[in-house]
Amino acid sequence: MEKHRGLRVTTWNVNGIRNPFGYQPWRQERTFTAMFDILEADIVIMQETKIQRKDLRDDMVLVPGWDVYFSLPKHKKGYSGVAIYTRNSVCAPIRAEEGITGILAPPNSSTSFRESPEDQQIGGYPTAIQLSDCDLDAATLDSEGRCVILEFPAFVLIGVYCPATRDESRDDFRLGFLNALDARVRNLIAAGKRVILTGDLNISREAIDSAKAEEELKKQGLGSEHFVSTPSRRILNQLLLGGKVIGDRDDGRESPVMVDICRRFHPNRRGMFTCWEQRTNARPGNFGARIDYVLCSQDMLNWFDDSNIQEGLMGSDHCPVYAVFKDKVETDGSEIDIKDIMSADMFKGGIRQRDWSAKDLLPTSAKLIPEFDRRRSIRDMFSKKPSLLTSESSGSNTDLTLKQGTRQLAEEAREDKSNAESDPVTACEPMLINIPSKPQASHPASLVKTNAKRPGESHNGAARALKRGKSGNFSPGKAQSGKGQSSLKGFFKPKTPQPSAQANSQGGLANTDPDIANASLETSSSLSVEPVMGSMDGALSVASGLTPSKEFDPSQQEDVVDPIVAKESWSKLLGKRVVPRCDHEEPCRSLVTKKAGMNCGRSFYCCSRPLGPSGQNEKGTEWRCSTFIWSSDWTGDDT
């Protein structure tokens, strides 16, 4: 008996929406439906989709049984991007928005979300005072496709991809976005709404959430207080219940309002990382950081049955993180089925009242984008048989006539083929073709239209002659165009341009008198009936005359190239270079320095094994050793 599964929310930074399909188990079927089934999720929040509007495809949008909402970058190509997929059979949002500030507008509208009618707003938009510390305007903060917000009757779901710490030039944008996110969450909770915040926050809460935190603190001689006091961590920890905050809290952040669900189920678990550096192959040694979260408001603290990471699922430099709801949740002092509050009226008492329909689509749904609106996936096309329209049935007679004519031509072609095989002599004889000046009226109109490119051919004698022409005798199309060869001798003869008068007479053959056409065709077809063996002597004599004989004089040869020496020289130049071996007696791998400085761009060799849990090169262990050789210093001597 299949185990009952509660409603599950999964967040995953996929590092490119198609990236997982290059790994197992996703590569088996390469469909989003199969991916979501393996994840066992009902709501999937993806980050770093790395696509633009023009890159959307049917398999991304028209996923059978799913709806999807995108936030895509406005300017940068292949950058950022958030998508939320919802399973139609269990949930349907009642409102949807793009962006964290509410400054963006719905599709086909010039009115921003925050200026829409109140009954159409999700609410909680950051005020000008809350954004006053940021030098960037709201439109800039929402221009990179980093947030999608859905509202269900149960809660408001915020799917987000926060900016990472790259360099100082992005600090203003990063802190401005985090401040806007913190304000939006707090405003929604203050308005009486429950909130789930999920996605890649690009922040490690505490030292336990980063493999290199302890090492860095030891190097710098600092304590854990300094680690949690960076501006971004301070904002997150002030938002979370139990977050470590050094000193007085900031204005407007006097109390925590959210709960880290995964850490609540695993309070002391170490190594619970969700992201690893691919360049150093740090995932096998689990040298990473926890920067992906599922957070909920405090009034939802007891709504969840489980939460964990799925570090065994490959496909990105991040792993999925999920949270599972209980079947029954407590709201307003009473217990209710979670399905009853995941849509407007699809369920009551946990029993389905109606199916999801197109009326449940919201204006921001990707299915309403003009390229995909009122379209179906291939699976849907075959699941329901389309009804036959009246206009289609009225044209059935014409289609029937066309099919009958096509079938008649196919039968004649098979008959000619069998005759040619039984009588090879007849198949090699030239045939005279009687080409009428007008098509016969007895043929169906559809057939005349089909053969409009050959108005001079009849469907009896002409069709048979063309079939026999394939055996190497005569082809009217080739004879008229002057292409190809008429006999083996013609292969060795130089091509001579035909007089224009002759070309015109052949080109207009269909418009001349039938007797003249027959005579012309008979003359031209006689070129192809010469015996092949009889023309071999002449062909060889012509071939021998093409290349005049000339006595070779070695004294005129200025340079002699030794092929053996040339081969060895090219082998040294293009051959595979011998790479050094590390302390494990294994071939090293080549990398390029990307760190700014005098060595930027230089290539070097190092151990190919992954970093160990310590994050350092180790000696005498199964992890990466300390072998390091500049490529310019390596002589290629494998000794």
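Phe-36 is buried, its relative accessible area being 0%. In this predicted model, Phe-36 forms an aromatic pair with Trp-66, and the pair is tilted, with 4.5 Å from centre to centre and 50° between the planes. Trp-66 is likewise buried, at a relative accessible area of 2%. Phe-36 belongs to helix 1 (residues 32–39) and Trp-66 to strand 3 (residues 66–71), so the pair ties together parts that are 30 residues apart in sequence. Both residues are members of one aromatic cluster, which is formed by Phe-21, Phe-32, Phe-36, Trp-66, Phe-70 and Tyr-85, and the structure holds 14 aromatic pairs.

| Charged residue | Aromatic residue | Distance to ring centre |
|---|---|---|
| Arg-8 | Tyr-322 | 4.0 Å |
| Arg-170 | Phe-173 | 4.5 Å |

In the case of Arg-8, the charged end sits over the ring of Tyr-322, while Arg-170 lies over the face of Phe-173.

What is the strand order of the open sheet of six strands? The order is 5-6-7-8-12-9, and the pairing within this open sheet is mixed. Strand 5 (95–98) and strand 9 (258–260) are the edge strands, each of which pairs on one side only, and the twist from one strand to the next averages 15°. Strand 9 runs antiparallel to strand 12 (residues 292–297), to which three bridges join it; Met-258 has Ser-297, in strand 12, as its bridge partner. Helix 4 (residues 171–190) lies across strand 5, strand 6 (147–151), strand 7 (156–161), strand 8 (195–200), strand 9 and strand 12, and its direction is at about 175° to that of strand 7.

Elsewhere in the chain, Ser-631 is placed in the segment that follows strand 21 (628–630). Is Ser-631 buried or exposed? Ser-631 counts as buried, because its relative accessibility is 11%, and the cut-off for burial is under 20%. Leaving aside residues up to four places away in sequence, Ser-631 touches Arg-577, Ser-590, Ser-603, Phe-604 and Tyr-605. With Ser-603 there is a polar contact between the two side chains, at 2.9 Å. Arg-602, which is 29 residues from Ser-631 in sequence, is 7.9 Å away in space, C-alpha to C-alpha.

How values were computed. Residues numbered from 1 in each chain as written. Predicted model: local features only at pLDDT ≥ 70, side-chain atom pairs only at ≥ 80, totals over all residues. Heavy atoms only, no water. Pairing = 2+ DSSP bridges. Helix = DSSP H or I, 4+ residues; strand = E, 2+ residues; numbered from the N terminus. Axes fitted to C-alpha atoms, helices over the stretch in contact; angles between N-to-C directions. Contact = heavy atoms within 4.5 Å. Phe/Tyr/Trp six-rings, centres within 6.5 Å; stacked < 30°, edge-to-face > 60°. Buried < 20%, exposed > 50% of the residue type's maximum accessible area, 1.4 Å probe, protein only. Lys NZ or Arg CZ within 6 Å of the ring centre and 35° of its normal. Polar contact = N/O pair within 3.5 Å; in protein donor to acceptor, adjacent residues only side chain to side chain.
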